[in-house]
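Dear colleague,

Please find below the structure that I am handing over to you.

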Amino acid sequence: MINFTSITQIGNLKEAFAKARYVKENPFADQNLGKNRTLLMIFFNSSLRTRLSTQKAAMNLGMNVIVLDINQGAWKLETERGAVMDGDKPEHLLEAIPVMGCYCDVIGVRSFARFENRDDDYNEKILNQFIKYSGKPVFSMEAATRHPLQTFADMITIEEYKKKDRPKIVMTWAPHPKALPQAVPNSFAEGINLTDYEFVITHPEGYELDPKFTGNAKIEYDQDKAFEGADFIYAKNWAAYSGDNYGKVLSMDRNWTVDSRKMALTDNAFFMHCLPVRRNMIVTDDVIESPQSIVIPEAANRVVSAQTVLKEILLSL
Ligand code: CP
């Protein structure tokens, strides 16, 4: 593994889960692996979990860590080649990236969809420039279309909590006041499609995701029907993907909020969300505080996910 930008690069799933289990049980076993190696974490967008868990994972592996928030303290970056730089951006990404590459051994990048141009977002314009120009292994800390470290943590969590070999996983859209990228639901769908689990995606009409990610998942527009017999409810908001509606909020219908009535339709399902979550928009207080809510162990597994992936990258250096 050199770059890690999609859960599909995780390799054999059974082996990946075994490696993750080893890392979880022996977090400090590879302290020498990262000795004299530096991780540079670049954030174009805010973060709590990814920032802390990835840094913790790198420290567990004995790495040094540098964190740079592009929008706080760094020069504003121009990203368009050919731009006449007479505005407020004094540095171009095409110099900044190779310079960053000089100061580290591995680079993590967070760069969300901008919702200005779907092709630019879905071609991963920023992330791919890091891969092309940094000269260093690059991993995604959530890019425009995917959030693979989150997905791996989600899958590790499902593996830990599932009570049957083929659980029913339901990913449900839920309302949110702002336009959110499709990276988490795309990536989750991509990950679950690597398994043989029963997989249902439910959302209002108009919120169809890119079929490249949803693959063979069953799309069910009736949320109650989707919840019937579910073993895991994975809630997430996303903005519209299709056509002219790309990046738009089409609905804030709180009838789609995950509540205890809907959870009662499931087979005592576990509730999951990547966090941060807006309570009483995405999910009610009582559901997220219930014993079936596993959002905290899910977040804790972000360290395991990041450490397992970073370890593979370090082994490949
Ligand atoms: N789930 C997740 O990526 O959280 P942060 O945005 O806080 O990093």
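Predicted model: local features only at pLDDT ≥ 70, side-chain atom pairs only at ≥ 80, totals over all residues.

Glu80 and Lys125 form a salt bridge in which the closest N and O atoms are 2.7 Å apart; the term stands for a side-chain nitrogen of Lys or Arg within 4 Å of a carboxyl oxygen of Asp or Glu. Because Glu80 lies in the loop between S3 and strand S4 (91-92) while Lys125 belongs to helix H5, the pair ties together parts that are 45 residues apart in sequence. Helices (H or I, at least four residues) and strands (E, at least two) are DSSP runs, numbered from the N terminus. A search of the whole structure gives 17 salt bridges. One of them joins the side chains of Glu160 and Lys24, with an N to O distance of 2.9 Å.

Residues are numbered from 1 along each chain as its sequence is written, and side-chain values use heavy atoms, with hydrogens and water left out.

Domains

The chain is divided into domain 1 (7-146 + 301-316) and domain 2 (150-298), with bounds taken from an automatic or database domain assignment. Their C-alpha centres lie 25 Å apart. Domain 1 gives 27 residues to the contact and domain 2 gives 35 residues, where contact means heavy atoms within 4.5 Å. The two domains bury about 2,600 Å² between them, 64% of it on carbon and sulfur atoms; buried area is the accessible area (1.4 Å probe) that two parts lose on being put together, summed over both. Of the area that domain 1 buries against domain 2, 27% is supplied by Ile7, Phe115 and Tyr122, more than by any other three residues. Two salt bridges are found across the interface of domain 1 and domain 2.

Pockets

The largest pocket holds about 510 Å³ of space. A pocket here is an open set of points on a 1 Å grid over the protein atoms alone, where a 1.4 Å probe fits, with protein on both sides within 12 Å along at least five of seven lines; lining residues have an atom within 4 Å of a point. Grid points are joined across faces, edges and corners, and a volume is the space filled by probe spheres set on the points.

Of the 23 residues that line the largest pocket, Thr79, Phe112, Arg114, Glu116 and Ile126 lie nearest its centre. Strand S3 (77-78), helix H4 (118-122) and helix H5 (125-133) are the elements that give two or more residues to this lining, and the largest share, three residues, comes from H5. By class, the lining has eight nonpolar, five polar and ten charged residues. Ala, Val, Leu, Ile, Met, Phe, Trp, Tyr, Cys and Pro count as nonpolar, Asp, Glu, Lys and Arg as charged, and the others, Gly among them, as polar.

Where does the second largest pocket lie? Both domain 1 and domain 2 give residues to its lining, so the second largest pocket lies between them. The second largest pocket has about 440 Å³ of space and is lined by 26 residues, with Arg110, Phe112, Glu142, Leu275 and Pro276 nearest its centre. Twelve nonpolar, eight polar and six charged residues make up the lining of the second largest pocket.

Backbone

Most residues other than glycine have a negative phi, and most peptide bonds are trans. The peptide bond from Leu275 to Pro276 is cis, with omega near 0°. Glu142, in the loop between strand S6 (138-140) and helix H6 (148-161), has a positive phi of about 105°. Phe115 likewise has a positive phi, near 60°.

Yours sincerely
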